[in-house]
Amino acid sequence: MPHLTVESRRRSELIDITAQVRDLVARNQVTEGALLLFVPHTTAGIFINENADPDVAEDILTTLSGLVPRQGAYRHGEGNSDAHIKAVLTGSSVLVPISQGRLELGTWQGIYLAEFDGPRRRRVTAAFLAPLPEVKA
Amino acid sequence: MPHLTVESRRRSELIDITAQVRDLVARNQVTEGALLLFVPHTTAGIFINENADPDVAEDILTTLSGLVPRQGAYRHGEGNSDAHIKAVLTGSSVLVPISQGRLELGTWQGIYLAEFDGPRRRRVTAAFLAPLPEVKA
Amino acid sequence: MPHLTVESRRRSELIDITAQVRDLVARNQVTEGALLLFVPHTTAGIFINENADPDVAEDILTTLSGLVPRQGAYRHGEGNSDAHIKAVLTGSSVLVPISQGRLELGTWQGIYLAEFDGPRRRRVTAAFLAPLPEVKA
């Protein structure tokens, strides 16, 4: 399947992959449908939010770390329970409509790989889904 | 692409859009597949939960505001970091199966646009996705 | 529509449904596309995370219960507001790519039905979505 490779450089980091994703859509000449981006990892997530002001990403990361601290009364012995939980809260996939060859993201939206247990090499699997024909409204 | 327009009237508000969505499915005469509803905004989300007792929506909103307070040690200068973070926690899309011309929502489920930085005019983009033929089980 | 039935035995419980889901994919002889798993309930969610060490699931459940306590200043009179809110935080669906007849889950990933107000019999609706043909990259 088509996929992206992303290298994180810190334990916790939001990596803007929007440009890579747009390039994937263009290379595959997809004009209508939807793009599923799926993270096959359990300590990283993916979501869509503002990519204009980098302070927003910083606030998201800081707040998630406040809600789910790295140290806590966790049972899992690998010291990364917080990363698993943050991955659940952000989610393992996004699905974006494609119309007239373009990802239908809003003006301020970007797609972020959310690394919670890096640095690591991460993979994002892509699948293009078919639209229903003859939609009228 | 087909879309809905939703007007929020408060800063933080859950707006039940289920009736509008059902109408969209009917107008497009979709019988089988799935409906992607995508929010092209970064301070609003979308999710599915109970729409029978309005107290449930109120509890969801109050609890989210407790977890992610409006005021905090945020870096983003616009005063709406909480709205961005709540949008991440709720998510930017829902995907609902359609069968025999009907949205396959459960008895108590409704679809909510989650406004976290209103009042504003919001858009929800819709894309109908094709089912695989010949599913047998 | 195809669906799975899951019986929960506790109020709060993460139930690994990965084997049932793989079986569904095999029975339907799906080779390419994506599988939507949709939970038509408002006090249960679904998500993907590690299923190797059961302590991870336990940590996820405990942390969610810490963030959204069972008792609180809730308005909804049924005593399960926490379950509704946890369902919103985890989400009502997952979408998994399928390639060469296999669910494209990562090595450590499993699919969990997240029961937050059991014990109950729960349903997970499945819809197979069609891939776009002629993807090249």
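Buried, in these legends, means under 20% relative accessible area, whereas exposed means over 50% and partly exposed lies in between (1.4 Å probe, protein chains only). The model shown is predicted, so that local features need pLDDT of at least 70 and side-chain atom pairs count only at pLDDT 80 or more, while totals for chains, interfaces and linings use all residues. Residues are numbered from 1 along each chain as its sequence is written, chains are lettered from A and ligands numbered from 1 in the order in which they are written, and side-chain values use heavy atoms, with hydrogens and water left out.

View 1. Helices (H or I, at least four residues) and strands (E, at least two) are DSSP runs, numbered from the N terminus.

**View 2. A salt bridge between A:Arg122 and A:Glu115.** The side chains of these two residues meet at 2.8 Å, N to O. A:Arg122 is buried, with a relative accessible area of 2%, and A:Glu115 also counts as buried, at 0% relative accessibility. A search of the whole structure finds 27 salt bridges over all chains.

**View 3. The interface of chain A and chain B.** Here 33 residues of chain A are in contact with 35 residues of chain B, contact being heavy atoms within 4.5 Å. The area buried between the two chains is about 2,800 Å², of which carbon and sulfur atoms give 65%; buried area is the accessible area (1.4 Å probe) that two parts lose on being put together, summed over both. Across this interface the rule finds one salt bridge, in which the side chains of B:Arg75 and A:Asp55 meet at 3.4 Å, N to O. On the side of chain A that touches chain B, the elements giving two or more residues are strand 4 (44-50), helix 2 (54-67), helix 3 (81-90) and strand 5 (93-99) of chain A, and helix 2 gives the most, with eight residues.

**View 4. Helix 3 of chain C and its surroundings.** Helix 3 of chain C is mostly covered, with 10 of its 10 residues buried, among them C:His84, C:Ile85 and C:Lys86. These buried residues pack against helix 3 of chain A, against strand 4 (44-50), helix 2 (54-67) and helix 3 (81-90) of chain B, and against strand 4 (44-50) and helix 2 (54-67) of chain C. Just after the helix, C:Gly91 takes a positive phi of about 105 degrees.

Terms used: A salt bridge is a side-chain nitrogen of Lys or Arg within 4 Å of a carboxyl oxygen of Asp or Glu.
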